[in-house]
Amino acid sequence: MNIAMTGGTGFLGRPLTDVFTRKGHHVFILSRKQKETEQKNVTYIQWLAENAAPERELSPIDIWVNLAGKSIFDRWTDSTKEQIISSRVEATREVRRLIQHQPEKPHTLIQASAAGIYGTSRDKTFTEQSPASNEDFLSHTAHMWEREGQK
């Protein structure tokens with residue numbers, strides 16, 4: 001299968017790329033920086049950069065995996081918080097645009113989120129059935145990201 005992945009150079013993307021390529025799938029990693037690789041079954045495609053046109057370079061894609069976003073492992077200044085949110089929302093918007101430009105639509109879109117959508121608590125246990133929160137920075141970030149992904 002052909003798999004397009006945003007965030008493929010990040011914390012989750014690197015090991016996930018390894019799993020996909022070991023199984024014989026081809027992974028197209030969308031990256032802000034132009035990259036070359038000798039890794040088998042991996043192609044880097046520039047996106048979200050001036051003059052980037054990934055829609056012209058992508059093969060037909062079976063599965064999209066959207067993991068893109070600025071790392072949260074940083075000091076949370078106001079500017080960093082804005083970058084954390086906007087990088088996720090803008091990347092998700094661009095994935096949707098790229099899918100719309102593909103003549104053959106993928107059969108699956110995997111949209112990352114975060115456990116932070118449930119909020120924080122020192123005494124509660126959260127499960128997938130727990131209601132989403134929008135009361136702190138991480139839950140607000142996950143809420144905005146998921147909302148964009150559902151459009």
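Select Glu-148 to begin: at 4% relative accessibility it counts as buried, where buried means under 20% relative accessible area, exposed over 50% and partly exposed in between, with a 1.4 Å probe and protein chains only. This is a predicted model, in which local features need pLDDT of at least 70, side-chain atom pairs count only at pLDDT 80 or more, and totals for chains, interfaces and linings use all residues. Residues are numbered from 1 along each chain as its sequence is written, and side-chain values use heavy atoms, with hydrogens and water left out.

Arg-93 and Glu-148 form a salt bridge, with 3.4 Å between the closest N and O atoms; a salt bridge is a side-chain nitrogen of Lys or Arg within 4 Å of a carboxyl oxygen of Asp or Glu. The pair links distant parts of the chain, 55 residues apart: Arg-93 lies in helix H3 (residues 78-101) and Glu-148 in helix H4 (residues 137-149). Helices (H or I, at least four residues) are DSSP runs, numbered from the N terminus. Arg-93 is partly exposed, at 41% relative accessibility.

Now select Lys-151, which also forms a salt bridge with Glu-148, at 3.2 Å between the closest N and O atoms. Lys-151 is exposed, at 60%.

Then go to Glu-94 and Arg-97, whose side chains meet in a salt bridge of 2.8 Å, N to O. These two are three residues apart in helix H3, so about one helical turn separates them. Glu-94 is buried at 14%, and Arg-97 is partly exposed at 26%.

The count of salt bridges comes to six.
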